[in-house]
Amino acid sequence: MEFKPMATIATIDKGNPPLPAALLHHPPASPTNVGCCAIGRRTPPRPPSEIYFESRGKCCKKLLRYNGYPNKVLLYPEEGWARSAASSYWTISPCRWLRNRCIVEEVAGSRKQSTQGRMIVVGDGALLIVGTFKRRVPDPDFKLYLSSNITLADYNMGYCLTGTLERGDQRSNQFQTTHFAVIRRCWPANEPDSTSGGHKTQHTYIDFLFNR
């Protein structure tokens, strides 16, 4: 019984050009290092402190618009205010026909009252909203001061704007600080992005501040 010699690589590839030495000694690149799947090319997550310093002092109107209307204003009574403070909050909505006007609504339990407020830019990152609640007696007039120059501690607590609320009478020009006002961040683009490692919110927020 005769045994035929087994075919070797040399006999199979007979007539074909030899493979380059680089392919014989180096394995092909893995999919993780090719094209859009390159893990090393992904943008690293930005720390909250970096976003804080870039957004600090920006226009309050832009922050209110990006935060999403209506904006909820949380009110915390001042210690020096002698009157009893009912648990309430305000909401701020844009006025359709007047650019520098807004609708301010006070919600205290089941009671609601609204009025039109005038928005005044008083400086870099500062906004003043003035108006009158006609049914409020005494102290029908109010001045709501908001600022984006917040501290890092307030930013870490989730606030985008902080300020104070003053109430009084415009006729006698007597106002008193009654509440500490804050607005929490409610950024709309908070869904994780699979291609950027879940950091779509940070880049969208910074692009909005600098490109609008």
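I began with the largest nonpolar core, which has 21 residues. By such a core I mean buried Ala, Val, Leu, Ile, Met, Phe, Trp, Tyr and Cys residues joined through side-chain atoms within 4.5 Å. Trp90, Ile129, Leu144 and Leu161 have the most contacts inside this core. Helix H4 (60–67) and strands E1 (71–77), E2 (89–94), E3, E5 (126–132), E6 (141–147), E7 and E8 (174–184) each supply at least two of its residues. Helices (H or I, at least four residues) and strands (E, at least two) are DSSP runs, numbered from the N terminus.

The model is predicted: local features need pLDDT of at least 70 and side-chain atom pairs pLDDT 80 or more, while totals for chains, interfaces and linings use all residues. Residues are numbered from 1 along each chain as its sequence is written, and side-chain values use heavy atoms, without hydrogens and water.

Next I looked for salt bridges (a Lys or Arg side-chain nitrogen within 4 Å of an Asp or Glu carboxyl oxygen). I found one in the structure. Arg167 pairs with Glu106, with 3.1 Å between the closest N and O atoms. Arg167 sits in strand E7 and Glu106 in strand E3 (residues 101–108), 61 residues apart. Both Arg167 and Glu106 are buried.

Last, is Cys160 buried or exposed? I noted it as buried, because its relative accessibility is 8% (buried is under 20%, exposed over 50%, partly exposed in between, with a 1.4 Å probe and protein chains only). Cys160 lies in strand E7 (residues 159–169). Beyond four places in sequence, its contacts (heavy atoms within 4.5 Å) include Leu63, Ile150 and Arg184.
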